[in-house]
Amino acid sequence: MNRPERRQAAKRKTPEPVSLLDALLDQRITGGCQDCDAYQDVTRVDGIYRITISHDATCPWLNAREGVDRGARRTP
Ligand SMILES: [Zn+2]
(Lines give C-alpha, C1' and ligand atoms only; values in the text may rest on other atoms or scores of the structure.)
Protein backbone atom coordinates (compact mmCIF):
# COMPACT_ATOMS: atom_id res chain seq x y z
CA MET A 1 0.00 0.00 0.00
CA ASN A 2 1.50 3.32 -1.00
CA ARG A 3 1.15 6.65 0.80
CA PRO A 4 -1.89 7.96 -1.13
CA GLU A 5 -3.68 4.67 -0.52
CA ARG A 6 -2.89 4.82 3.22
CA ARG A 7 -4.18 8.40 3.41
CA GLN A 8 -7.38 7.48 1.62
CA ALA A 9 -7.86 4.45 3.89
CA ALA A 10 -7.30 6.63 6.97
CA LYS A 11 -9.93 9.10 5.75
CA ARG A 12 -12.51 6.37 5.36
CA LYS A 13 -11.92 5.13 8.92
CA THR A 14 -12.36 8.56 10.51
CA PRO A 15 -15.76 8.66 12.21
CA GLU A 16 -17.98 11.70 12.05
CA PRO A 17 -17.19 14.04 14.92
CA VAL A 18 -19.96 14.04 17.49
CA SER A 19 -20.23 17.08 19.62
CA LEU A 20 -21.01 16.57 23.27
CA LEU A 21 -22.98 19.79 23.11
CA ASP A 22 -25.11 18.39 20.26
CA ALA A 23 -26.05 15.50 22.55
CA LEU A 24 -27.11 17.97 25.23
CA LEU A 25 -29.30 20.15 23.00
CA ASP A 26 -32.83 20.63 24.31
CA GLN A 27 -31.98 18.77 27.51
CA ARG A 28 -32.46 20.15 30.99
CA ILE A 29 -29.38 19.45 33.06
CA THR A 30 -29.57 19.73 36.81
CA GLY A 31 -26.81 21.59 38.58
CA GLY A 32 -24.65 24.51 37.62
CA CYS A 33 -24.59 26.28 40.98
CA GLN A 34 -23.30 25.09 44.32
CA ASP A 35 -25.59 27.44 46.23
CA CYS A 36 -29.03 26.47 44.88
CA ASP A 37 -30.98 23.90 42.82
CA ALA A 38 -30.02 25.46 39.50
CA TYR A 39 -30.50 23.84 36.10
CA GLN A 40 -28.91 24.41 32.69
CA ASP A 41 -30.40 24.56 29.21
CA VAL A 42 -28.25 24.10 26.08
CA THR A 43 -29.35 25.80 22.87
CA ARG A 44 -27.70 26.36 19.50
CA VAL A 45 -28.32 29.36 17.26
CA ASP A 46 -26.38 29.96 14.04
CA GLY A 47 -23.82 27.32 15.04
CA ILE A 48 -23.12 28.92 18.41
CA TYR A 49 -23.89 26.93 21.56
CA ARG A 50 -25.32 28.69 24.55
CA ILE A 51 -25.63 27.27 28.04
CA THR A 52 -28.10 29.13 30.22
CA ILE A 53 -27.98 28.54 33.97
CA SER A 54 -31.23 29.24 35.81
CA HIS A 55 -30.85 29.86 39.54
CA ASP A 56 -33.43 29.75 42.29
CA ALA A 57 -34.82 33.17 43.20
CA THR A 58 -33.29 32.76 46.66
CA CYS A 59 -29.80 31.85 45.41
CA PRO A 60 -27.23 33.70 47.51
CA TRP A 61 -24.67 33.70 44.68
CA LEU A 62 -27.17 35.19 42.22
CA ASN A 63 -28.35 37.80 44.70
CA ALA A 64 -24.75 38.79 45.42
CA ARG A 65 -24.02 38.95 41.67
CA GLU A 66 -27.03 41.14 40.97
CA GLY A 67 -25.87 43.46 43.71
CA VAL A 68 -22.50 43.73 41.96
CA ASP A 69 -24.19 44.40 38.60
CA ARG A 70 -26.45 47.09 40.08
CA GLY A 71 -23.41 48.75 41.64
CA ALA A 72 -21.54 48.61 38.34
CA ARG A 73 -24.41 50.26 36.45
CA ARG A 74 -24.51 53.16 38.87
CA THR A 75 -20.84 53.88 38.29
CA PRO A 76 -20.42 56.51 35.54
ZN1 LIG B 1 -27.54 29.55 42.26
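**Entry 1. Confidence**

What is the mean pLDDT of the chain? I noted that the model is predicted, and that the mean pLDDT of the chain is 82. I also noted that 80% of its residues reach 70 or more.

**Entry 2. Elements**

I looked up the secondary structure next. The chain holds 3 helices and 3 strands. Read from the N terminus, the order of the elements is α-α-β-β-β-α.

I then asked how much of the chain is buried. Of its 76 residues, 0% count as buried. I also looked up the contacts between residues at least 6 apart in sequence: 14% of them join residues at least 24 apart.

**Entry 3. The sheet**

In what order do the strands of the sheet lie? I found an open sheet of 3 strands in the order β1-β2-β3, with antiparallel pairing. Its edge strands are β1 and β3, each of which pairs on one side only. From one strand to the next, the twist averages 30°. As background I wrote down that strands of a sheet pair through backbone hydrogen bonds, either parallel or antiparallel.

I then turned to β2 (residues 39-45) and β3, which pair in the antiparallel sense over 7 bridges. Here Val42 stands opposite Ile51 in β3. The two strands form a hairpin with 2 residues between them.

Why does β3 lie largely in the open? Strand β3 covers residues 48-54, and of these 7 residues the number buried is 0, so the strand lies largely in the open.

**Entry 4. Two aspartates with positive phi**

I looked up the turn of the hairpin. Asp46 is found in the loop between β2 and β3. Its phi is near 55°, a positive value in a residue other than glycine. Is Asp46 buried or exposed? Asp46 has 4 other C-beta atoms within 10 Å, so it is exposed; the cut-off for this class is 12 or fewer.

I then looked up Asp26, whose place is in the loop between α2 and β1. The phi of Asp26 is near 60°, which is again a positive value in a residue other than glycine. Asp26 is exposed because 8 other C-beta atoms lie within 10 Å.

**Entry 5. Leu24**

Which residues does Leu24 touch, leaving aside those up to four places away in sequence? Leu24 lies in helix α2 (residues 20-24), and the residues it touches are Ile29 and Val42.

Leu24 counts as partly exposed because it has 17 C-beta neighbours inside 10 Å.

**Entry 6. Cys59**

Where is Cys59 found? I located Cys59 in the loop between β3 and α3. Not counting residues up to four places away in sequence, Cys59 touches Cys33, Asp35 and Cys36. I looked up Asp37 as well: its C-alpha atom and that of Cys59 are separated by 8.4 Å, although the residues are 22 apart along the chain.

Why does Cys59 count as partly exposed? Cys59 has 19 C-beta neighbours inside 10 Å, and a residue is buried if the number is 20 or more, so Cys59 counts as partly exposed.

Note on methods:
Residues numbered from 1 in each chain as written. Predicted model: local features only at pLDDT ≥ 70, side-chain atom pairs only at ≥ 80, totals over all residues. Helix = DSSP H or I, 4+ residues; strand = E, 2+ residues; numbered from the N terminus. Pairing = 2+ DSSP bridges. Contact = placed C-beta atoms within 7 Å. pLDDT = per-residue confidence, 0-100. Axes fitted to C-alpha atoms, helices over the stretch in contact; angles between N-to-C directions.
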